[in-house]
Amino acid sequence: MESILAKDLMNTDVLIVSEDLDLRALVELFIERKVRSAPVINEEGRCVGVITSNEIYKSLPFDVQGTFVDSDRGDYYFDTNSECKYGVLESLLPFLSSIPIKEVMIPLVLMVQEHTPLDNLKHMMINDSLQRVIVTRNGSGKILGVVKLQDIKRWERINRLGQKTSIKKPLLGV
C-alpha cells in the first residue's frame with residue numbers, strides 16, 4: 001500500500017490573509033467564506049501565523065466579550081449560522097476596530113512539508129492538540145494547503161470502509 005502524505009490529504013482551497021489586513025475586513029471574509037480561521041502571510045508570502053475567531057474575540061473591548069461567552073462550555077463560541085445561540089460573526093462587526101491581524105494573531109504555527117507521512121501528521125497533531133497544520137513546500141513557508149484533523153478522520157473512515165471516493169474532497173472552512 002502506498003504511503004499517504006500531507007499533500008494527499010490537504011485542502012488547497014484555503015483562505016490566506018495578509019498580516020496587514022484589519023480585523024473588520026477579516027470577519028467579512030470569514031463570513032463570506034464560512035470559515036473561522038486562516039493562515040496569515042507577510043509581504044514575502046511566507047506564513048507568519050494563524051488567526052482564528054478566538055483571537056478576534058479576545059481583541060474586543062472587555063465589556064463586550066461577555067456577550068459572546070458560552071457559559072455552559074466555558075469558552076468562546078462563534079458560528080456563521082444565523083440561528084447560533086450565543087452570537088454570530090456578523091454581530092462582532094460593530095465592535096471591531098482597524099487593528100491589523102498581526103497584532104492579535106497566533107504567531108507560532110506548526111508547518112509540515114508536503115511529503116510528511118500520515119503517521120507523523122497524526123502524532124504531531126495529537127501531541128500538540130492541534131486541529132490543523134499548514135502544509136508547505138520544502139520548508140519554504142509558502143502555503144500549499146491545510147490538513148485538518150477532520151480530513152485525517154475522514155480518510156481513515158473511507159479507508160476502513162473500503163469506499164472508492166476522493167480524499168481531496170474539500171471540507172468547508174479552514
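Biologist: Which residues is leucine 26 in contact with, leaving aside its neighbours within four places in sequence?
Modeller: Keep in mind that this is a predicted model. Contact here means heavy atoms within 4.5 Å. With neighbours within four places in sequence set aside, the contacts of leucine 26 are Val17, Leu21, Ile51, Ile56 and Ile101.

Biologist: Is leucine 26 buried or exposed?
Modeller: Leucine 26 is found in helix 2. Its relative accessibility is 0%. The cut-off for buried is under 20%, so leucine 26 counts as buried.

Biologist: How many Å separate leucine 26 and threonine 52, C-alpha to C-alpha?
Modeller: In sequence, these two are 26 residues apart. In space, the C-alpha distance between leucine 26 and threonine 52 is 9.9 Å.

Biologist: In which sense do strand 2 and strand 3 pair?
Modeller: Five bridges link strand 2 (residues 37–41) with strand 3. The sense of pairing between strand 2 and strand 3 is antiparallel.

Biologist: Is lysine 34 buried or exposed?
Modeller: Lysine 34 lies in the loop between helix 2 and strand 2. Its phi is positive, near 60 degrees, in a residue other than glycine. Relative accessibility is 53%. The cut-off for exposed is over 50%, so lysine 34 counts as exposed.

Biologist: What is the relative accessible area of serine 129?
Modeller: Serine 129 sits in the loop between helix 6 and strand 7. Its phi is also positive, about 50 degrees, although it is not a glycine. Serine 129 is exposed, with a relative accessible area of 63%.

Biologist: What is the hand of the β-α-β unit made by strand 6, helix 6 and strand 7?
Modeller: Strand 6 (residues 111–113) and strand 7 pair in the parallel sense over three bridges. In that pair, glutamine 113 faces threonine 136. With helix 6, these two strands make a β-α-β unit that is right-handed.

Biologist: How many bridges join strand 7 to strand 8?
Modeller: Strand 7, residues 132–136, is mostly covered, with four of its five residues buried. Threonine 136 of that strand stands opposite isoleucine 143 in strand 8. The two strands run antiparallel, and the bridges that join them number five.

Biologist: How many Å separate the C-alpha atoms of glycine 145 and threonine 12?
Modeller: Glycine 145 lies in strand 8. It counts as buried, at 0% relative accessibility. Beyond four places in sequence, its contacts include Met10, Asn11, Thr12 and Val133. Threonine 12 is 133 residues away along the chain, yet the C-alpha separation is 4.4 Å.

Biologist: Which elements do the buried residues of helix 7 pack against?
Modeller: Helix 7 covers residues 149–161 and reaches 18 Å from first C-alpha to last, close to the 18 Å expected. Its buried residues are Leu149, Asp151, Ile152, Arg154, Trp155 and Ile158. Residues three or four places apart in an α-helix point the same way, because there are 3.6 residues a turn. The buried residues of helix 7 pack against helix 1, helix 6 and strand 8.

Biologist: Which element of the chain has the lowest mean pLDDT?
Modeller: The mean pLDDT of the chain is 78, and 75% of residues reach 70 or more. Strand 1 has the highest mean among the elements, at 97. The lowest mean, 44, belongs to strand 5.

Biologist: Over residues 69–87, how many contacts beyond four places in sequence does the model have?
Modeller: Where pLDDT is low, the predicted coordinates should not be read in detail. Residues 169–174 stay under 50, with 20 such contacts in the model. Residues 69–87 also stay under 50, and their contacts beyond four places in sequence number 35.

Technical notes: Residues numbered from 1 in each chain as written. Predicted model: local features only at pLDDT ≥ 70, side-chain atom pairs only at ≥ 80, totals over all residues. Heavy atoms only, no water. Expected span 1.5 Å × (residues − 1). Buried < 20%, exposed > 50% of the residue type's maximum accessible area, 1.4 Å probe, protein only. pLDDT = per-residue confidence, 0-100. Pairing = 2+ DSSP bridges. Right-handed = clockwise from strand over helix to strand, strands pointing away.
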